[in-house]
Amino acid sequence: MDYSTYLKKYPTEDGRFGRFGGAYLPPQLVPAMEEITQAYLTICHSSQFINELRRIRREFQGRPTPVYHCENLSRKLGNCQIYLKREDLNHSGAHKLNHCMGEGLLAKFMGKKRIIAETGAGQHGVALATAAAFFGLECTIYMGEVDIKKQAPNVARMKILGANVVSVDKGAKTLKEAVDAAFEDYLENYKETIYCIGSVVGPHPFPMMVRDFQYVVGEEAREQFKEMTGLLPDVITACVGGGSNSIGFFLPFINDPVEIVGVEPLGRGKSLGDHAASMSYGSEGIMHGFNSIMLKNPDGEPAPVYSIASGLDYPSVGPEHAFLREIGRVKYETATDLEAVDAFFKLSRYEGIIPALESSHAVAYAMKLAKKMGKGSVLVNLSGRGDKDLDYVIEHYGYGEKFKDF
Ligand SMILES: *Cc1c(COP(=O)(O)O)cnc(C)c1O
């Protein structure tokens, strides 16, 4: 099935990718989601919206981001060539701004005054606060009290950008409680507010909308790679948390003879609670308003998850990923904390690019694969830059002396 036919066919009108996805909502939220879906389907396909988003991407975000050939790293690993799609050079340092600018523009076109979200590590909060500042929208970000203490630089960024950061002090005071608080706000205020989800997760239409705002990444990368090499890559890969940078990067290659691999965080190891590799070790279930693959406790509730990369520690994954594995189009592999840290230092030292710890998982897998393949090419989506991770990495691994040898 070609790419544009695929996009039209999935999701179905009720938000399904095969049996995954859908919208499992409290009745009060049904009209709000219906309003967003209708607005999205009409507004976002108007030439006015499309042209405005194009202008924003070019002038504000700095798109297209380049594709870069890692000649040094490739040479160290053998004859397979590694390339990066440089989403770390997207304004504000990661791919997340791609969907936040889309969601912000939709809010503006719908006449909403306010955008809200929850954030864990603060990356989504910063991207959304950036969009709010650009569009002149009010912005409220819910964040657990514990996360606020851990993520001081991101909290400062959100505040400087003009967002109202609300500290949530219920329960464990982390992401789950922040989600609940944001939903409460949304239930009360949806007439003037849009809830902006930070990945291809949640109820329909979010997995579709966020995907549609992200596939610019894969479209650019495919053209750029072809122009550079005259060919398509043999393998493409990206890290998978909720799944937004990966889905946007993968889909434009869906009809090509290209192997596609998502990389999940294996953290400290395979025991439940030590990783966040939902596709690799999870099972089917419903959570946060959608049906997908998730990591569950014996009682069926979402399990605790862990990864060195806080952007990847989510106990489920976007429904389209579950579907793409089921139809056999995308494979899912893992990389551990230590493999990600190794890739973090090697890309920094041998290419002059400090990657986000999330993106380092995909680089780690690409390095392993390149060694094994010994020829051909691997294109990696470098979802973000690593400035945010420096303090943590230095504290635990120093300046990487132990990681310099191949
Ligand atoms: C948030 C984040 C991710 C994970 O989110 P996805 O929705 O899986 O893409 C990956 N990389 C970076 C740099 C992030 O900030």
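User: Which residues do ring pairs link into a cluster here?

Analyst: Ring pairs join Tyr40, Phe49, Phe109 and Phe213 into a cluster. Rings of Phe, Tyr and Trp (its six-membered ring) pair if their centres lie within 6.5 Å; planes under 30 degrees apart are stacked, over 60 edge-to-face, and the rest tilted. This is a predicted model: local features need pLDDT of at least 70, side-chain atom pairs count only at pLDDT 80 or more, and totals for chains, interfaces and linings use all residues. Residues are numbered from 1 along each chain as its sequence is written, and side-chain values use heavy atoms, leaving out hydrogens and water.

User: How many aromatic pairs does the structure hold?

Analyst: There are 18 aromatic pairs. One of them, Tyr83 with Phe225, is edge-to-face, at 4.8 Å centre to centre and 75° between the planes.

User: Are Tyr83 and Phe225 buried or exposed?

Analyst: Buried means under 20% relative accessible area, exposed over 50%, and partly exposed in between (1.4 Å probe, protein chains only). Tyr83 is buried because its relative accessibility is 8%, and Phe225 is buried at 1%.

User: Where does the charged end of Arg268 sit?

Analyst: A charge sits over a ring if NZ of Lys or CZ of Arg is within 6 Å of the ring centre and within 35 degrees of the ring normal. The charged end of Arg268 is over the ring of Tyr306, 3.8 Å from its centre. Likewise, Lys346 lies over the face of Phe406, 5.0 Å from the ring centre.
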